[in-house]
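Try each task on your own first, then follow the solution step by step.

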Amino acid sequence: MGHPDRAVRGWRGWKGWTALVWLAAVSLVLAEGRRVRQPRCPAGCTCTKDNALCENVRSVPHAFPSDVVSLLFTANSFDLIDEDAFQGLPHLEYLFIENNKIASISPYAFRGLKALIHLSLAYNNLETLPKDVFKGMDALTKVDLRGNNLICDCKLKWLVEWMHHTNATLDQIYCSGPPIHQGKKINDLLTHSFDCITAEFASYQSLKFESISVESFTFGKEQYVVFAQPFAGTCSFLEWDHVEMTFRTYDTIESTSTVVCKPMVIDSLLFVIVAQLFGGSHIYKRDTSANKFIKIQDIDILKIRKPNDIETFVIDGESFFVIADSSKAGSTTVYKWNGNGFYSHQSLHPWYRDTDVEYLEISSKPHLILSSSSQRPVVYQWNRSQKQFDRRTDIPEMEDVFSVKHFQVKGELFICLTRFIGDSKVMRWDGAMFKEAQTFPSRGSMVFQPVSIGNWQYAILGSDYSLTQVYQWDTKRGQFVPSQELNIQAPRAFSLVSIDDREFLLASSFKGKTQIYEHLMIDLSN
């Protein structure tokens, strides 16, 4: 039997040795746990120490060894490169994605590839590239985009800009479209080769009243608008709130069955001709001291029985307005300002039920065009010696025209003719007469209004039965092309107002809320 103390000492020594072994084992396990495991080569790929080759894979694998320097994808079936597709490859210098079916690339597909020198996307199905897809890849010296079907439109404008500022070289690549650039070398394009600025009318403010006409005007260096409200029997004036950035109520003129509220500024005096279906028409003047409108004159009810439109104009420094009368017994009449009031200057043809009058200059000579429900539009020319309008001609083959509005493009004179039944038309003055330039289907149209904003020329065709059509002038085609649709119930008039470097289109609605739109510029290259 051994000594008890020796046995105890032996047991204690064995126990200490076991603890040391266990601690060593635990340390080894912990060390193994802390060691980063290198990913294996993904299925479908072949990897060496620095290189990887992938064939016949359906998507970009996400588990390559981090030391890979060169990566080649060829003859694969995937058509998309998703964002962060090559995350975790900080040493990658060469990336070849060739002869695949790539049609779409995420803007962040190559994020993190700061060491990449050579990128090839050759022979895929790319039509465009997302803006800034090469952002952060400052080491790039070579990009290969050959063999794709790149569309050189505004979405690719950024690439042209990038090509002119990068140190990387690109092989010659050609545009597959659009027609204006088809077959051209992208390398030869410049940023001004792209026309990427477009515009639209965006809904800005809705007014809770119906209206039949709208006019904008300047008085005392401020901009105002006025709407004729036939059911409420008022002329509603609005002003621009420069703080709230909205149109707010300024003043009203009470009336009856109001059809037109026409502002007219003469020698810093503001007059408003208020045309009514019942109770006669009147002229008001703005009393700035009392800050209100006061009635100064009635319009002869024997001449103006059923007013439908008013135009104001100045000839040789003298101020006039003309009222189109649509009754059988009335007469469209020109009125002249004599310094104290307005008096009847000339009655034009009676009995013709005129629905619209348009003042314009043809070959620098003042003219009026009267539209009528009973005859073709009639053109009158100002006789300077007689100081009256003489009938000159009519516009052939244009019966049932409700209204005529004019505009100019590069010095050429055009008119928009509105028809409620049949086709509305645009006609061009050829030096001797108006000739048809373009036809527009227009069932239920009461307004066909040209609108000019900077270099933009529009024609807005309203309808009682469908959406309002906005057309934009195409200078290359020399005609209007569809641009936008607006949802306005029974539009009757449009007017443009410029305030604080912003452009607003006001639309009167006979059966719904009056609408205000803002003209916004849009850069398609963004």
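## Exercise 1: A hairpin

Start with this pair of strands: β33 (residues 468-474) and β34 (residues 479-486) run antiparallel and are joined by seven bridges. Keep in mind as you look that this is a predicted model.

**Task.** Find which residue stands opposite W473, and which residue of the hairpin takes a positive phi.

**Solution.** 
- Step 1: Go to W473 and look across to β34, where F480 stands opposite.
- Step 2: Move to the turn, where four residues lie between the strands.

## Exercise 2: The largest nonpolar core

**Task.** Work out which residues touch the most other members of the largest nonpolar core, and which element gives the most to this core.

**Solution.** 
- Step 1: The core has 50 residues, and those touching the most other members are F73, F86, L95, F110 and F134.
- Step 2: Two or more residues each come from β2 (51-55), β3 (70-74), β5 (94-98) and α2 (157-163).
- Step 3: Of the elements, α2 gives the most, with five residues.
- Step 4: Now zoom in on F86. Leaving aside neighbours within four places in sequence, F86 is in contact with V60, L71, F73, I81, L95, I97, A109, F110 and L113.
- Step 5: Another core, of 16 residues, lies apart from this one; V260, M264, I304 and F321 are among its members.

## Exercise 3: Disulfides

**Task.** How many disulfides does a search of the whole structure find?

**Solution.** 
- Step 1: The search finds five disulfides.
- Step 2: The sulfur atoms of C154 and C196 are 2.2 Å apart.
- Step 3: C154 lies in the loop between β8 (142-144) and α2, and C196 in the loop between β9 (169-170) and β10 (197-207), so the pair ties together parts 42 residues apart in sequence.
- Step 4: Buried means under 20% relative accessible area.

**Task.** Now turn to C41 and C47: is their link right-handed or left-handed?

**Solution.** 
- Step 1: The sulfur atoms of C41 and C47 are 1.9 Å apart.
- Step 2: With 70° about the S-S bond, their link is right-handed.
- Step 3: C41, at 31% relative accessibility, is partly exposed, and C47 is partly exposed at 24%.

Note on methods. Residues numbered from 1 in each chain as written. Predicted model: local features only at pLDDT ≥ 70, side-chain atom pairs only at ≥ 80, totals over all residues. Heavy atoms only, no water. Pairing = 2+ DSSP bridges. Core = buried A, V, L, I, M, F, W, Y, C linked by side-chain atoms within 4.5 Å. Buried < 20%, exposed > 50% of the residue type's maximum accessible area, 1.4 Å probe, protein only. Contact = heavy atoms within 4.5 Å. Disulfide = S-S within 2.5 Å.
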